[in-house]
Amino acid sequence: NKCKIQSFYVSKNDGKNRISFNNGSHFYGASTGEDQGASLAGRQFGYISYDECVFSHHLRVELPGRIMSRTIDLDAPIDLVSTYDTEAKSQQYYFGLVKKALQGRNDWGIKIGTYTDNFFIPEDVKEKAKTKILNEDFNKYRQVFLGEAVPGSTKVLEPEVVDNIFKDKLTPQEPMNAHEYLISADWGGSDQGDPTIFLVFDITSRVTTLVHHEEIKGGSPTLQFAMLKTLKKRYNDAKIIMDTNALGGVIIKKMLKEMDVQTYDFKAHGGEKGDAIVEMKLALTYGRKNVLEDGKMKELNPEYGLFKSYPLGNLEDQLGAYEVKDEKLEQDYVVCVYQAMWFLSKKRKKDKKTTHLLKRRVR
């Protein structure tokens, strides 16, 4: 490209991805990957622009940890610039930032630009494209022309549905007298592999609430069993559900039984996983009603859904990225949720009683 600010430009250094200017300022270009923004370390910046940040694999960790800390000394601004993409790893986190910014619930300002705002494209071309996309794919129309986050064809849950679960006013809760609790367990155990996850749900009312969670990476299996037993006792002798068909599931169940810990069986490989995913989606969308108003989807019942939780980043990210073909996905938290929703569905159906009214005829 031809430089149009020759009097201001001094030099560039390809090795350091740096351009220098005659007022002593510098422009740096840096990519983020598995280092989670480590390339920014050691310097303070007067301004940071993060282009297509939604494609970051670790935006939730990078932003507060490695990016915001680089602007503290100068109290410098940060711009996050991106478009929604159903396959992007940080889509759910970015969606939450945008939604809260629109509602004035965080420190971010926001500007939204759509296809029609591009003044380089002739108006007649915009209208033709708008009509064509609207007739072919309504979700694509919502993303391109309305600037909305839309569900991918392979994703189980929409970004709006996932975001609706988490409430800022909720926090982890201690057990309450006369409340009923359920612990859903997904076992890991490997020092380098998946962690063990315990999610504790308050199932006293129709709306299930997450009240506590534990994530354990590696360590002694015996200590994990002891922690589960402690949680069970602490939360009013809570029921426990786990996948007995998973690797080591039968052995784990037997060992827990020897510790006087009884569990309910969930058999993912026995055909119950598909039912559980359906039950999870039904629970999360229960009572949802929306209409198309002024070209945008409007929620008529913002408090829909039978599951609520305090903010929990790993759970939010995994639910947002979850697909039916989940072999290559991080899914430990999702497994715990759909196990719980499956258990509650079965329990509620069992608890239902049919009442017959018999009237005696008097002659």
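I took helices as DSSP runs of H or I with at least four residues, numbered from the N terminus. By that rule, F138 lies in helix 4.

**Ground rules.** I am working with a predicted model, where local features need pLDDT of at least 70 and side-chain atom pairs count only at pLDDT 80 or more. I number residues from 1 along each chain, and side-chain values use heavy atoms.

**Aromatic pairs.** I paired rings of Phe, Tyr and Trp (its six-membered ring) if their centres lie within 6.5 Å; planes under 30 degrees apart are stacked, over 60 edge-to-face, the rest tilted. The count comes to 13 aromatic pairs. I looked up one of them, Y115 and F145: it is edge-to-face, with 5.2 Å centre to centre and 70° between the planes. Y115 lies in the loop between helix 2 (91-102) and helix 3 (123-136) and F145 in helix 4 (residues 138-146), so the pair ties together parts 30 residues apart in sequence.

**Cover.** Is F145 buried or exposed? F145 is buried, at 7% relative accessible area (buried is under 20%, exposed over 50%, partly exposed in between, with a 1.4 Å probe and protein chains only). Y115 is partly exposed, at 24%. F138 is also partly exposed, at 32%.

**Cluster.** I found Y115, F138, Y141 and F145 in one aromatic cluster.

**Charges over rings.** I asked for NZ of Lys or CZ of Arg within 6 Å of the ring centre and within 35 degrees of the ring normal. The charged end of R43 sits over the ring of Y28, 4.3 Å from its centre. R206 lies over the face of Y286, 5.2 Å from the ring centre.

Methods: Helices (H or I, at least four residues) and strands (E, at least two) are DSSP runs, numbered from the N terminus.
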